[in-house]
Amino acid sequence: MKNLLITSNGSFSCEEIISSLHGEADCLVGTNIYPQYLVGVSHLFDYTYLIPKPDNHNYISTLLSICKKHDIRYIFPLIDTEADILSKNRNVFSNQGITVCLSNHKSITLCRNKYALYKIFLHDSVITPIPTYSYADIKKNQCEELLKTSDIIAKPFNGRSSNGLIHLSDLSEIDYIPNKERYVFQPEIKGNFFTADYVRDSFGHDFSIVRKEILRTQHGAGLSVKIKQNETVQNMISHLGKKLQILGAINAEFIFGGKQYYLMDVNPRFSAGIAFSRLAGYDIVKNHFLCFQNKEIEYETKIKTCYAVKRYLSYITRNNHD
């Protein structure tokens, strides 16, 4: 029996995930911190539940209780904060025969820490990370690249999307940032953004789909994209997957600054644009699930070159006569 639980069922990628998993699951359960009538895909689940936020002390016990009630075998976390806590507590679930469908805890931690990720690839022969400095580096005047530019980006070291991102025009402005010790600082690089959806199985097979993002939201989600395989980006993310010992699906963002590609971020979860990859001919979600059933992924699929866009629908979820 394959009973599956999907967390944060209001996220950008959720409807695509449900579509991919309906044929694979006997029962689909969704959870959210908001009531089901405020979540557009609630009606697509067999059951939905309102749960505490991930940082609540009852989060794990509530999730485990739901899993036991529906004999859940696999959990699919969709957002970074849940990936963090479920990765850390995966043994609580594995002891009950429940698989948290995430890569190993060490790789999750590295992906979520922008400074640690920079250090991993600082002298790498394949991947060039954006120069990244901690506040301690700046205090020691060990920030050569920042001294060459007047455009500086400040980000929480474990931030998600573009939340908390601050644009600075001078190093002196750093002192006005609250909790600056929790930020990293990078020179702003202007160029074209590329996102790669990537999946890797336990047998060493991997596959990626690359898209150039033409129109994006302010939080970095692609709205209009050109899907076209890019050998340079594919080689970079394949190298990253092997080096971090990734299992399952992740996505990585790169920026092409005119001369080279820089690694921006690695997200240890499905991207908001995985529907684009499926349109181009590859089902990231289905192959991610294969990884956690200890099966081989599809790794010789031909990808369609195309332009694709995302649109939104509006509909009533509940009539309120109060």
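Analyst: A residue is called buried when its relative accessible area is under 20%, and exposed when that area is over 50%, with partly exposed in between. The model is a predicted one, and of the 322 residues of its protein chain, 50% count as buried.

User: Why is Thr 31 called buried?
Analyst: The relative accessible area of Thr 31 is 0%, and the cut-off for buried is under 20%; Thr 31 is therefore buried. Its place is in strand 2, residues 27-32, and, leaving aside neighbours within four places in sequence, Thr 31 is in contact with residues including Leu 5, Ile 6, Tyr 49, Ile 51 and Leu 63.

User: What makes Phe 292 count as buried?
Analyst: Phe 292 has a relative accessibility of 13%, and because buried means under 20%, Phe 292 falls on the buried side of the cut-off. Phe 292 lies in the loop between helix 10 and strand 15, and its contacts, once neighbours within four places in sequence are left aside, include Tyr 74, Thr 99, Val 100, Leu 102 and Leu 247.

User: How do you know that the protein chain agrees with a compact globule?
Analyst: For 322 residues, a compact globule would have a radius of gyration near 20 Å, and the protein chain has 20 Å, so the value agrees with the expectation. Along the principal axes, the C-alpha atoms fill a box of roughly 55 × 45 × 45 Å. Among contacts with a separation of 6 or more, 62% are accounted for by residues 24 or more positions apart.

User: What makes a set of residues a nonpolar core?
Analyst: The members must be buried residues of the nonpolar kinds counted here, joined through side-chain atoms within 4.5 Å. The largest such core has 35 residues, and those with the most contacts inside it are Ile 6, Leu 21, Phe 76, Ile 227 and Phe 270. Among the elements that each supply at least two residues of this core are strand 1 (3-6), helix 1 (14-21) and strand 12 (222-227). A second, separate core of 21 residues includes Leu 110, Leu 117, Ala 196 and Tyr 198. In soluble globular proteins, nonpolar side chains tend to be buried together.

User: Which residues are in contact with Ile 227, leaving aside its neighbours within four places in sequence?
Analyst: The partners of Ile 227 include Ile 209, Val 210, Phe 276, Ile 303 and Cys 306.

Conventions
Residues are numbered from 1 along each chain as its sequence is written. This is a predicted model: local features need pLDDT of at least 70, side-chain atom pairs count only at pLDDT 80 or more; totals for chains, interfaces and linings use all residues. Side-chain values use heavy atoms; hydrogens and water are left out. The radius of gyration is taken over C-alpha atoms; the globule rule is 2.2 Å times the number of residues to the power 0.38. Buried means under 20% relative accessible area, exposed over 50%, partly exposed in between (1.4 Å probe, protein chains only). Contact means heavy atoms within 4.5 Å. Helices (H or I, at least four residues) and strands (E, at least two) are DSSP runs, numbered from the N terminus.
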